Amino acid sequence: MLRFATETRAGFPIKIGAMTEEHANQDYLPVQFDVAFGPFLGTRRSIRLDGGQLVCKVSLWRRVRVCPSEEAWRAFWQEMESLRLWQWSATYRPAPDTVFYDGARWSIAITHGERRVASEGSNAYPGNSKKHIMETRASSTGSARESERFRKFRQALQRLTGVESFG
């Protein structure tokens with residue numbers, strides 16, 4: 001039997017992550033897990049929860065299904081605590097006078113137990129200091145650099161899924 005987590009969007013409830021009944025009572029599993037990131041032009045990589053498994057989109061045509069162990073999930077949640085994931089702001093944007101020639105966007109919607117984060121960004125990341133932003137502006141590439149916190153988040157995703165393109 002499938003159980004669906006629901007979320008309301010535009011006033012209508014929608015199904016966001018199917019879990020089998022077998023997985024429904026395991027406290028280490030998320031209720032919702034939707035992560036996406038990538039360039040403005042090109043294929044966005046993503047991870048979403050489906051039936052107790054994570055579906056990882058690693059290229060336009062390639063998707064990988066993974067089922068992390070309880071130990072892997074618990075290690076991941078511990079890392080999320082150290083990164084203060086649950087306190088991330090809803091939106092990250094660069095300063096209005098910053099010009100980027102290329103860039104990246106990302107979004108996270110994760111619910112685990114009673115905790116939830118919904119955060120997204122465009123050429124800006126959690127943990128960017130003013131110094132980091134000034135260094136990014138001075139960068140010759142004209143593209144935003146990820147913060148150390150966001151880089152560690154992506155590395156944690158790689159450890160959780162075993163998919164290299166997320167680190």
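Visitor: Which residues of helix 4 are buried?

Guide: The buried residues of helix 4 are Phe-150, Phe-153, Arg-154, Ala-156, Leu-157, Leu-160 and Thr-161. Buried means under 20% relative accessible area, exposed over 50% and partly exposed in between, with a 1.4 Å probe and protein chains only. They cover an arc of only 155 degrees around the axis, which puts them on the same side of helix 4. The arc is taken over the directions from the helix axis to the C-beta atoms.

Visitor: What kind of model is this?

Guide: This is a predicted model, in which local features need pLDDT of at least 70 and side-chain atom pairs count only at pLDDT 80 or more, while totals for chains, interfaces and linings use all residues. Residues are numbered from 1 along each chain as its sequence is written, and side-chain values use heavy atoms, with hydrogens and water left out.

Visitor: Where is helix 4, and how many residues has it?

Guide: Helix 4 spans residues 148–161 and has 14 residues. Helices (H or I, at least four residues) and strands (E, at least two) are DSSP runs, numbered from the N terminus. Just after helix 4, Gly-162 takes a positive phi of about 75 degrees.

Visitor: What covers its buried residues?

Guide: The cover of the buried residues of helix 4 includes strand 3 (32–39), helix 2 (70–82) and strand 8 (104–112).

Visitor: And what does Phe-153 touch?

Guide: Leaving aside residues up to four places away in sequence, Phe-153 touches Val-35, Phe-76, Met-80, Leu-83, Leu-85, Trp-88 and Ile-108. Contact means heavy atoms within 4.5 Å. Phe-153 counts as buried because its relative accessibility is 0%.

Visitor: On to the aromatics: how many aromatic pairs are there?

Guide: A search of the whole structure finds 14 aromatic pairs. Rings of Phe, Tyr and Trp (its six-membered ring) pair if their centres lie within 6.5 Å; planes under 30 degrees apart count as stacked, over 60 as edge-to-face and the rest as tilted. One of the pairs is Trp-73 with Trp-77, stacked at 5.5 Å centre to centre with 20 degrees between the planes. Both Trp-73 and Trp-77 are buried.

Visitor: How are Phe-150 and Phe-153 arranged?

Guide: Their ring centres are 5.8 Å apart and their planes at 40 degrees, so the pair is tilted. Phe-150 and Phe-153 lie three residues apart in helix 4, about one turn of the helix.

Visitor: Which aromatic cluster do they belong to?

Guide: Phe-150 and Phe-153 form one aromatic cluster with Trp-88, Tyr-92, Trp-106 and Tyr-125.

Note on methods. Expected span 1.5 Å × (residues − 1).
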